[in-house]
Amino acid sequence: MTDITLAPIQPDQPSHLMATYGRQAISFVRGRGAYLYTEDGTEYLDALTGIAVCGLGHAHPVIAEAIAEQAATLVHTSNLFEIPWQTAAAQKLAEVSGMEEIFFSNSGAESNEGAIKIARKFGTQQGVRLPKIIVAEQSFHGRTLATLSATGNKKVQDGFAPLTNDFIRVPFGDVEAIQEAALQHPDIVAILIEPIQGEGGINTAPQGFSYLEEVRNICNQHNWLMMLDEIQTGNGRTGKYFAYQHTNIVPDVLTTAKGLGNGFPVGAVMTQGKAVGLLGPGSHGSTYGGTVLGSRVVYTVIDTIQKENAVENAAVVGRYIVDQLRAKLADKNVQVRGFGMMIGIQLPKDCAELVAIARDQHKLIINVTAGSVVRLLPPINMTQVQADDLLERLVTLINSYL
């Protein structure tokens, strides 16, 4: 291995990075499982996992070995050629998702772009000249122009007009609003929603996952595509491999990314039923989508999740964390919600400052979203011992804040 040591960055040293991130004043040099470490060896409990990305924790030995071995063998050939690892990864993903066709992309935004293209293609084939897609308020689907237009957050859209007008927005969980939109807009061809809104504050519909069943029925009634954005909720995060599997329905289009590569950048858009075959040669593509290396990572991640029973662990340990938080914070006027290892703690006031307090005083990495929701996205293979460690730090933090 080449011995390269990076010199410490000086406070007055100019950065050539585009200033698109409000970075925290800390950097990590290694990780192991649920923990991160700074250069001086200080240990932090990571309850965010790269924003739901490293579902199997940091530096998982099986995944690290697969990456190293494949990188030393063959990384990329392009989709001009057969890629056996891509075929194998698609087979694995089809088995756990219940979908028929898989297209590998590089990110969640690209996967949702693919879903939007599928909806447009479907609408065009139905004779709809300007196809429209229903989306939800407070949603987040990405930062490309199309996915930004679909996102229900004016803050992230600010300054990027004109956005596309292909989307009709309704309140999350409001079935009557969907039916009303159907009456007003005959050019609707699909619905794109998150089973649980992650960036929106770990929001579940008022009626729970039965909301997805109601949406499925409406889509069947109007011959629309039901499209689920499981970028964050997929890959075991909610205690099922995909969140829609808490129900008996199957979407027509399913997207995922984040935990699909455990830190390696990869995403997927999947189809079944009437969405199969809508994209053919020349209608969609990606230079880096489904590389040899990326595909082997996907295969290895899914295989490891299965062998370690990590989805079942997420359900059990996630429920334990939720139950303990509700019991320990019962007198603090907070609401704890979520499924599996996707947990939100709604505080009675804005609490963005808790991110720094948790990091500096409790050596705990968390996130605050929607202003007042502490968001927890721990590894799906977190042990109960680690969960107790998380609870001790987090409850102490919130008790001292409220």
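User: Which residues of helix 11 and helix 12 meet?

Analyst: Contact means heavy atoms within 4.5 Å. Here Leu354, Ile357, Ala358 and His362 of helix 11 meet Arg393, Thr396, Leu397 and Tyr401 of helix 12. By class, this contact has 5 nonpolar, 2 polar and 1 charged residues (Ala, Val, Leu, Ile, Met, Phe, Trp, Tyr, Cys and Pro count as nonpolar, Asp, Glu, Lys and Arg as charged, and the others, Gly among them, as polar). The model is predicted: local features need pLDDT of at least 70, side-chain atom pairs count only at pLDDT 80 or more, and totals for chains, interfaces and linings use all residues. Residues are numbered from 1 along each chain as its sequence is written, and side-chain values use heavy atoms, leaving out hydrogens and water.

User: How is the packing of two helices described?

Analyst: Two packed helices are described by the angle and the distance between their axes. The axes of helix 11 (residues 354–362) and helix 12 (residues 384–401) cross at roughly 125 degrees and come within 11 Å. That makes helix 11 oblique to helix 12 (under 35 degrees is roughly parallel, over 145 roughly antiparallel, 65 to 115 roughly perpendicular, the rest oblique).

User: Is strand 12 mostly covered or mostly exposed?

Analyst: Buried means under 20% relative accessible area. In strand 12 (residues 342–346), 4 of the 5 residues are buried.

User: How many bridges join strand 11 to strand 12?

Analyst: Two strands pair if DSSP finds at least two bridges between them. Strand 11 (residues 335–339) runs antiparallel to strand 12, with 5 bridges; Gly338 has Ile343 as its bridge partner. Strand 12 also runs antiparallel to strand 15 (residues 373–376), joined by 4 bridges, and Gln346 stands opposite Val373.

Notes: Axes fitted to C-alpha atoms, helices over the stretch in contact; angles between N-to-C directions. Helix = DSSP H or I, 4+ residues; strand = E, 2+ residues; numbered from the N terminus. Buried < 20%, exposed > 50% of the residue type's maximum accessible area, 1.4 Å probe, protein only.
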